[in-house]
Amino acid sequence: MKQSRIPVAMTIAGSDSGGGAGIEADLKTFSALGVHGTVAITSITAQNTYSVSAIYDLPGRLVYEQIKVVYEDMGIDAAKTGMLSNTDIITHVASAVREFNLKLVVDPVMIAKSGARLLREDAIEALKTKLLPQALIVTPNAPEAQVLAGFKVESLEDAVRATKAIHEKYSVPAVIVKGGHLNLEEVVDVLYYNGEVYYFKSPRYPHGCFHGAGCTYSAAITAFLARGLSIVEAVKHAKEFIDLAIDYGLKIGRGHCPVNPMAYLEIPALKYKAVESVRKAVEILLENQELILPYTPEVGINIVETIDPRYARSPLDVAGVEGRIVKAGRRLVRVGDVKMGGSSHLARLVLALIRNGFDVHGAVNIRYDQEVVEKARKKGYHVLFVDRRMEPSNLKVAHTGTMEWIASQIPIGETPDLIYDVGDVGKEAMIRILGRSAVEAVLKLVDILK
């Protein structure tokens with residue numbers, strides 16, 4: 001059977017030694033989006049999250065040769081440019097684009113996040129006259145659009161006017177002015193293409209990471225074009241991709257933290273893994289139901305597992321049993337399927353424990369029984385008691401925040417295996433067994449009861 005061809009994308013850009021921007025960010029993006037990434041390195045930078053201390057430009061002829069050999073061997077379905085710091089490099093890249101008829105996205109990188117200039121003044125004219133007329137799409141931010149359009153770009157109306165001006169001045173079919181620098185409550189990217197204006201909106205992410213955002217956005221557009229999407233669809237999906245990469249950025253370094261292109265792959269993969277883990281834990285629990293049946297609480301049993309703490313924010317990031325596991329005569333029955341968001345109470349407890357620094361990803365609950373507590377202690381498990389009678393009255397009335405309050409009662413550094421309470425008015429007494437996974441939590445439960 002003939003295999004379908006793998007799309008090939010190329011980044012023609014500089015290398016960021018900190019790994020947050022440039023070709024490093026582009027290759028992560030290409031991989032995440034299922035295209036084979038190739039490179040033509042233009043410059044080597046000594047760079048981290050807060051500074052660029054040195055730049056070494058490669059000869060333009062070598063940049064051209066990198067593009068040529070890749071094209072001759074495997075073809076290039078779409079390419080993007082990033083850091084093109086001098087006229088020699090721009091001239092040779094423009095020659096390659098023309099010679100090999102490349103579908104080109106130009107990210108007119110002028111200034112790094114740290115403030116370092118990445119495009120020399122004398123090279124701006126070469127970018128305008130030699131490269132932009134050959135581009136399919138150009139993706140300036142507002143300050144870069146100001147340079148290209150020749151007027152201030154501060155409002156949404158300015159951005160729309162700039163897209164049209166850049167299109168007319170340089171004959172670029174599609175122009176995107178990114179809205180991060182515009183004075184708006186939300187981020188609005190403006191695309192002008194085929195006589196139409198399109199708006200792509202997203203919230204601002206005050207706690208997000210932005211180093212490499214421009215590189216990643218243009219790389220995502222390039223990848224979607226390489227996969228055969230139309231310009232409008234490529235931009236739409238790239239916008240969704242970069243928002244995720246910013247929102248779940250990597251909190252590293254002392255400066256502008258880098259975006260996280262791999263969030264696009266990792267989050268779905270981690271959710272699948274959590275669901276499968278809970279399913280396995282349910283199997284183990286049902287295989288041992290003769291042991292567990294007598295300890296089924298009135299509210300039923302649930303089993304949960306959260307995804308990696310880097311991505312876990314709400315119960316929707318925690319796998320659980322929808323409808324719980326309940327007693328039906330002399331057996332236990334799983335009411336619904338295992339799914340993300342299948343639990344509320346137990347999920348919020350695990351999330352609160354993670355936020356408080358505990359290495360707990362999974363949990364299972366049973367009804368309170370003092371004999372079970374004593375068995376756990378005798379077997380060497382770390383047991384903690386929480387007195388729910390001490391819970392603040394406003395939480396009792398609101399019926400929310402209880403799980404977070406329970407987590408707050410656990411001394412820092414004392415990761416428990418079992419937390420129990422004797423209940424309160426309208427609150428069923430409960431034991432919760434914790435583990436680094438749902439399977440580990442259930443295995444602890446079985447071990448305690450045997």
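This note reviews salt bridges in a predicted model.

1. Overall count. Across the whole structure, a search finds 24 salt bridges. The points below take up several of them.

2. K80 and D26. These two residues form a salt bridge in which the closest N and O atoms are 3.2 Å apart. K80 belongs to strand 4 (residues 78-81) and D26 to helix 1 (residues 22-32), so the contact ties together parts that are 54 residues apart in sequence. Both K80 and D26 are buried.

3. D107 and K178. A salt bridge joins the side chains of D107 and K178, with an N to O distance of 3.9 Å. D107 sits in the loop between strand 5 (104-106) and helix 4 (121-131), while K178 sits in the loop between strand 7 (174-177) and strand 8 (187-193); the pair therefore ties together parts that are 71 residues apart in sequence. D107 is buried, its relative accessible area being 3%. K178 also counts as buried, at 11% relative accessibility.

4. D317 and K271. The side chains of D317 and K271 meet in a salt bridge at 3.8 Å, N to O. Because D317 lies in the loop between strand 10 (303-306) and strand 11 (318-321) and K271 in helix 9 (residues 263-287), this pair ties together parts that are 46 residues apart in sequence. D317 is buried, with a relative accessible area of 8%, whereas K271 counts as partly exposed at 26% relative accessibility.

5. A network. Salt bridges also link E276, R279, R334 and D337 in a network.

Conventions: Residues numbered from 1 in each chain as written. Predicted model: local features only at pLDDT ≥ 70, side-chain atom pairs only at ≥ 80, totals over all residues. Heavy atoms only, no water. Salt bridge = Lys/Arg side-chain N within 4 Å of Asp/Glu carboxyl O. Helix = DSSP H or I, 4+ residues; strand = E, 2+ residues; numbered from the N terminus. Buried < 20%, exposed > 50% of the residue type's maximum accessible area, 1.4 Å probe, protein only.
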